[in-house]
Amino acid sequence: MTQSGLPSYLEQSDAVRERFARIREREVILEVRNLHKRYPAPGGETEALRDVSFRIHRREFVCVIGASGCGKSTLIRTLAGLEKHSAGEVLLDGKPVDGPGRDRGMVFQGYSLFPWLTVKRNVMFGPQMSGHSFDAAERQARQWLELIGLSKFADSYPHQLSGGMRQRVAIARALVNQPRILLMDEPFGALDAQTRSRMQSHLLDIWRNIDITILFITHDLDEAIYLADRILVLKPHPGEVLEFIEVPVPRPRTPAQFSSPEFLATKARLDALIHPPEAEADHDDDSGDKPSIYRLTDVADSVE
Amino acid sequence: MQAFLSRSGAWLKGPASSRLLVVASFVLPVLLWALVSYVPFLWHPKVLVEEVGGVDYFQVGMRVDRAEFDDQVKEMREAGEALPAGRPANPIYLPAPHEVASALYTAFTTAPEQRGAPWLHESLWHSIQIIFWGFVLSSALGVPLGILAGTYAGFSRLTEPFIEFFRYLPAPAFGALAVAVLGIYDGPKIAIIFIGTFFQQVLIIANTTRKLDRTLIEAARTLGTRGSRLITRVVLPGILPDLYRDQRILLGWAWTYLLVAELIGTSSGITFFITQQARYQHFDNVYAAIIIIGVIGLGSDLLLAALGRKLFPWDQAQKRG
């Protein structure tokens, strides 16, 4: 790394080191121990996750990153309780997780708002399910809509909102239940670049002001470094933990840091982990041979 | 390809021209009917006899083939007898639009020819009741079964194979059986509508339920929804607009079973009216009754479509009808 003029991604300023020490002192919210996940598949069994272990402390922001097929989604769905694991343990506040529950909020990549409910009723859904009265649920929903700045749209239906707004409502709908951890499965993956960066700052704002721990899945390196305290890097086929990186970029984060040396060093390291140069050739996805394309236009009609 | 198609079809776009096309889709067939009825040289294969002349078997008002009429004219001319006269006409089974229109009117205003026979509106009302009860009974069972089969894979495997088999059995085949079990009046007719609708209904609604986005159910589960509330609070409202559309299509199918159903046991309703009128060769009345069935069918569907837009403001697909 040093020959490219960048510092090592392991180098941390005193402030950053102190901050990580403080984080480590906080209680563990989520602990994953030797998690295995195997699927029955046509050609025998597929191993999606192999021996995954890590811990997340209270109010930590952790990103999970990895090439496609590394089991990111399987991991987060297992943590949410939407899929059963084959072996190992998932402990939330020291208690094993069994099925989905209100203590783990989830934001999906696709728009998962209930289309038949208005924005306000969507946010009220969780409180109503846990037996709150209509009025109490409505009060909580209003608070959250205020917080995400969508009070004006309380009575709109999801299809009337933009993609970014919908994901804000989805975040509010998950947080109104006061979960211990917020699981986010590539929540901004379907948004355009501009909306996406606005949503990232917005999410950091929410996280700063609320007692919430976040596990965030993404395949975008910049997004992971910009948001995370630590980045869990997974290797595909089967999904295994490669490294759990402490991001040396100081907080508060701003988009200006995208070109800081710490940022670039971390990005270089992630790049090297996810796209190892020797493995490139025998990959089964897009990195293989380029298809040859026949000329379908007039030979003289050149664009270059 | 899509772009090419839409560009060449550009003149068929826009709200004004689309309304025009809707009107045209009704006007064009009527226009064709009027042309065939009123323009003598277009078809008119018969001659309506107005004067018998010397032909002994002709009668005034009789329709004979044109070739036969011409033969008779030639024969009479050679025999030196009075010539028959007539004008070109269509066969009795194709009345002109104005005849059907007046039949539509008189069917409601004048008493039926046979004493004790039901008026047209009485026949219609009877038919509508048969449809209504057949469809309501079928839905009362078919909708819950369909939703359960669409939600639980086990339940689907338990019920759907048999239903899949049963739906290939033509409903009218159960006519005799239905009469034996339910008597000769309305019971077997409602049963035929039920058999014709129910089995399709379960399969269609199960399929609609299965198409509900799994993410919605998963989202609800992470928000603390469990058990039967997943069905009542997520699955049911989630599929409701599609379910409503399915029911509209199924109601249309129920109408197609109506005429068969009404022939079972004692003939009744609009079918009785139609067969009776056809027997007396009152084809204008037959057409009037057929048109009324179409108007009721289309009218109720348009009404239900408008209701759907009111009921499901979040559903974009309702706007397309």
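In which helix of chain B does B:Lys310 lie?

Modeller: Keep in mind as we go that this is a predicted model. Your residue, B:Lys310, sits in helix H12 of chain B, which covers residues 283-311. Its relative accessible area is 70%, and since anything over 50% counts as exposed, B:Lys310 is exposed.

Now for some buried residues in chain A. A:Ile206 belongs to helix H6 of chain A, residues 193-209. With a relative accessibility of 5%, A:Ile206 counts as buried. Leaving out residues up to four places away in sequence, A:Ile206 touches A:Leu147, A:Ile148, A:Ile171 and A:Leu175.

A:Ser112 is another one to click on. You'll find A:Ser112 in the loop between strand E6 (104-107) and helix H3 (119-129) of chain A. A:Ser112 has a relative accessible area of 1%, so it is buried. Its side chain makes a polar contact of 3.1 Å with the side chain of A:Arg173. Again skipping residues up to four places away in sequence, A:Ser112 touches A:Arg173 and, over in chain B, B:Thr215, B:Leu216 and B:Ala219.

Still in chain A, look at strand E3, residues 61-66: six of its six residues are buried. In a regular strand, side chains alternate between the two faces of the sheet. In E3(A), A:Phe61, A:Cys63 and A:Ile65 point one way, while A:Val62, A:Val64 and A:Gly66 point the other way. E3(A) pairs in the parallel sense with strand E8 (residues 213-217) of chain A over four bridges, and it also runs parallel to strand E9 (residues 230-235) of chain A, joined by five bridges. A:Val62 takes part in both pairings: its bridge partner in E8(A) is A:Leu215, and in E9(A) it is A:Arg230.

Back in chain B, there is a sheet with antiparallel pairing. Three strands make up this open sheet, in the order E2-E1-E3. Strands E2 (63-65) and E3 (85-89) of chain B are the edges, each pairing on one side only. On average, neighbouring strands of this sheet are turned by 40 degrees against each other, direction ignored. Strand E1 (residues 46-51) of chain B pairs with E3(B) over five bridges, and B:Lys46 stands opposite B:Ala89 in E3(B). Helix H3 (residues 66-79) of chain B lies across E1, E2 and E3 of chain B, at about 90 degrees to E2(B).

Let's finish with a helix pair. Helix H5 (residues 120-151) and helix H6 (residues 153-166) of chain B pack at about 125 degrees, with their axes 5 Å apart. H5(B) and H6(B) are therefore oblique to each other. On the H5(B) side, B:Leu145, B:Leu148, B:Ala149 and B:Thr151 meet B:Ala153, B:Phe155, B:Ser156, B:Thr159 and B:Glu160 in H6(B). Sorted by class, this contact has five nonpolar, three polar and one charged residues.

Definitions and conventions: Residues numbered from 1 in each chain as written. Chains lettered and ligands numbered in written order. Predicted model: local features only at pLDDT ≥ 70, side-chain atom pairs only at ≥ 80, totals over all residues. Heavy atoms only, no water. Pairing = 2+ DSSP bridges. Helix = DSSP H or I, 4+ residues; strand = E, 2+ residues; numbered from the N terminus. Axes fitted to C-alpha atoms, helices over the stretch in contact; angles between N-to-C directions. Contact = heavy atoms within 4.5 Å. Parallel < 35°, antiparallel > 145°, perpendicular 65-115°, else oblique. Nonpolar A, V, L, I, M, F, W, Y, C, P; charged D, E, K, R; others polar. Buried < 20%, exposed > 50% of the residue type's maximum accessible area, 1.4 Å probe, protein only. Polar contact = N/O pair within 3.5 Å; in protein donor to acceptor, adjacent residues only side chain to side chain.
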